[in-house]
Amino acid sequence: QVQLVESGGGLVQAGGSLRLSCAASGRTFSTYAMGWFRQAPGKEREFVAAISWSGSSTYYANSVKGRFTISRDNAKNTLSLQMNSLKPEDTAVYYCASGDAVLTGRPDYWGQGTQVTVSS
């Protein structure tokens, strides 16, 4: 049973920062790509960022490039997303995802999500 548990969401003012974490268990974490997605109210879930199994390659949506940084610690089975210069349009539920197809929006597993709210 694969479990992905996100944490670190909350309420922050525009221009502020948050760091999301995802604790993974139940599969060999280090052998799979990981990613973050988000879903705002009334909108479809969208890709935010992804990282290769080794951490050597990272990918970002244009909307977050230069502001967000994805990273992983394979020794601790954790995935992180550092979010800086947050904007109200970043408000969404953020989901951690596991699987080599994260870049196509078809990961094998999803977390339950954590709410991020950015006030103007």
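Biologist: Are C22 and C96 buried or exposed in this model?

Modeller: Both C22 and C96 are buried. That puts each of them under 20% relative accessible area. Keep in mind that the model is predicted.

Biologist: What makes C22 and C96 a disulfide?

Modeller: Their sulfur atoms sit 2.1 Å apart, and the cut-off is within 2.5 Å, so the pair counts as a disulfide. A search of the whole structure turns up one disulfide.

Biologist: Why is the link of C22 and C96 said to join distant parts of the chain?

Modeller: C22 belongs to strand 3 and C96 to strand 9, and the two are 74 residues apart. As for handedness, the torsion about the S-S bond is -75°, a left-handed link.

Biologist: What makes the largest nonpolar core, and which residues have the most contacts inside it?

Modeller: It has 27 residues, and W36, V48, F68, L79, L81, M83 and Y94 have the most contacts inside it. Strands giving two or more residues include strand 4 (34-39), strand 8 (78-83) and strand 11 (114-119). Strand 3 gives the most, four residues.

Biologist: Which residues is M83 in contact with, neighbours within four places aside?

Modeller: Among them are L18, L20, F68, Y94 and V116. Each has heavy atoms within 4.5 Å of M83, so each counts as a contact.

Biologist: And which residues does the second core include?

Modeller: That one is separate, with five residues, including A33, A50, A97 and V102.

Note on methods. Residues are numbered from 1 along each chain as its sequence is written. This is a predicted model: local features need pLDDT of at least 70, side-chain atom pairs count only at pLDDT 80 or more; totals for chains, interfaces and linings use all residues. Side-chain values use heavy atoms; hydrogens and water are left out. A nonpolar core is a set of buried Ala, Val, Leu, Ile, Met, Phe, Trp, Tyr and Cys residues joined through side-chain atoms within 4.5 Å. Buried means under 20% relative accessible area, exposed over 50%, partly exposed in between (1.4 Å probe, protein chains only).
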